[in-house]
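User: I would like to go through this structure and ask, point by point, what each description rests on. Please set the values against the criteria as we go.

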Amino acid sequence: MEKLLDIKDLSISFKTDEGTIHAIDKVFFSINKGEVLGLVGESGCGKSVTSMSVLRLIASPPGNIDSGKIIFDNKDLLSIPIEELKKIRGKFISMIFQEPMTALSPLHCVGNQLVETLQFHGNIDYKKAWEIGEQWLHNIGIGDPGKNMYAYPFQLSGGMSQRVMIAMALMLDPKLIIADEPTTALDVTIQAQIFDLMREMKKKDTSLLLITHNMGIIWEMCDRVAVMYAGEIVEIGTIKGIFQEPLHPYTQALLNSIPSISIKREKLKSIPGQVPSPFNYPKGCRFQDRCNYTFDKCRKEHPDLEKINDRQARCFLVKNK
Ligand SMILES: Nc1ncnc2c1ncn2[C@@H]1O[C@H](COP(=O)(O)OP(=O)(O)OP(=O)(O)O)[C@@H](O)[C@H]1O
Ligand SMILES: [Mg+2]
């Protein structure tokens, strides 16, 4: 399988008044052509920092890339000139954020923003670009697209703005889409429609990095999944493998906390304890204080990501499986 994106040894920290936050630490993963990789983990574990770094959207200061490479199409996105990166943004790699207003301009109507995006990356006349934009509003389920092309973002509901941003991200037919909680603000029927569109794109060999807290969506959409905990990848493997036999105790706990539908109402199982402070991670395994299996070595040594068949997991217990 051909690798499309290869993240190697990526560490990013933030300098704050309280000290240095080690947001992500030696993150390694790759995404193949046409593959959907899910990225999951508790709030604050570094998913958005990882995804935003691909298009160099981490402001510096306070952010700092301490180490790493992000290889896309044989180029290191972290070191190419910014002008070159701008040509990649949107056209080859597009991003869908949780907060649509970060991507839309309040000063221009929806139609003009769609046209501008199409014209920035391709030699296309205004009328044709307007037609394509309108078609995309239709594709993402916006009613009366002809009229809504003239709407300004402040005239749209949050869900509609989100869909306009999704249209912008999909319409240039990128090779990679990075979607960070793309549909949280949308109702389930629209969510399903957007994931159908993404599945269509996958058939055309588009790759997707999908961040969501919704494990149902991960199960439905992804080929592989990477699990992050306290700034590190703790497990990565195929969707079936991970859901059927999670190896890392954190992945096990995460899957146990998924609500199941049953007649008897049960309290959701949350993972006891707290994520360690990113200012000061403990020596040894970062999950040690919340893990049922912690033993001496876990408090003294930091486990590496070990390869077990087609899986990788960061746990001393897994090594001997
Ligand atoms: N601009 C910033 N300045 C300081 N710290 C930051 C900044 N951006 C992120 N961080 C820190 O980096 C760590 C990782 O944050 P990140 O936003 O990637 O988490 P996340 O996994 O996306 O969480 P969520 O699921 O809540 O979106 C957190 O400790 C966060 O506080
Ligand atoms: Mg996030």
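User: Which residue is the bridge partner of Ile71 in E5?

Analyst: In this predicted model, Ile71 has Asp76 of E5 as its bridge partner. E4 and E5 are joined by 2 bridges and run antiparallel, and because strands count as paired from at least two bridges onward, this pair meets the criterion. The hairpin that the two strands form has 2 residues between them, and Asp73 takes a positive phi near 55° there.

User: What makes E1 a partner of both E2 and E4?

Analyst: The bridge counts decide this, since at least two bridges are needed for a pair. Strand E1, residues 3–16, pairs with E2 in the antiparallel sense over 10 bridges, and with E4, again in the antiparallel sense, over 8 bridges.

User: Why are strands E2 and E5 said to stand at the edges of their sheet?

Analyst: The sheet is open and has 4 strands in the order E2-E1-E4-E5, with antiparallel pairing. Strand E2 (19–32) and strand E5 (75–76) each have a single partner strand, so one side of each is left without a neighbour in the sheet.

User: What is the order of the strands in the sheet of 8 strands, and which strands stand at its edges?

Analyst: This open sheet runs in the order E6-E7-E8-E3-E9-E10-E12-E11, and its pairing is mixed. Strand E6 (93–96) and strand E11 (306–308) have a single partner strand each and therefore stand at the edges, with one side left without a neighbour in the sheet. On average, and with direction ignored, neighbouring strands of this sheet are turned by 20° against each other.

User: How do you know that E8 pairs with E3 and with E7?

Analyst: E3 and strand E8, residues 207–211, pair in the parallel sense over 4 bridges, and strand E7, residues 176–180, is joined to E8 by 5 bridges, also running parallel; because the criterion asks for at least two bridges, both pairs qualify. Leu39 stands opposite Ile211 in E8, and Ile177 has Leu208 of E8 as its bridge partner. E3 is also joined to strand E9, residues 224–229, by 4 bridges in a parallel arrangement, with Val225 in E9 as the bridge partner of Gly38.

User: Why is strand E3 described as largely enclosed by the rest of the structure?

Analyst: Of the 5 residues of strand E3 (residues 36–40), 5 are buried, so the strand is largely enclosed. Val36, Gly38 and Val40 point one way from E3, whereas Leu37 and Leu39 point the other way, and all are buried.

User: Why is His138 called partly exposed?

Analyst: His138 has 15 C-beta neighbours inside 10 Å; since a residue is buried from 20 or more and exposed at 12 or fewer, His138 falls in between and counts as partly exposed. His138 lies in helix H4, residues 126–139.

User: Which residues have the most contacts inside the largest nonpolar core?

Analyst: That core has 80 residues, and Ala167, Ala226 and Val227 have the most contacts inside it. Helix H6, residues 158–170, supplies the largest share of the core, 8 residues. Leaving aside residues up to four places away in sequence, Val227 touches a set that includes Val40, Gly41, Val234, His248 and Leu254.

Key. Residues are numbered from 1 along each chain as its sequence is written. Chains are lettered from A and ligands numbered from 1 in the order in which they are written. This is a predicted model: local features need pLDDT of at least 70, side-chain atom pairs count only at pLDDT 80 or more; totals for chains, interfaces and linings use all residues. A nonpolar core is a set of buried Ala, Val, Leu, Ile, Met, Phe, Trp, Tyr and Cys residues joined through C-beta atoms within 7 Å. Two residues are in contact if their C-beta atoms, placed from the backbone, lie within 7 Å. Axes are lines fitted to C-alpha atoms, for helices over the stretch in contact, and angles run from 0 to 180 degrees between N-to-C directions.
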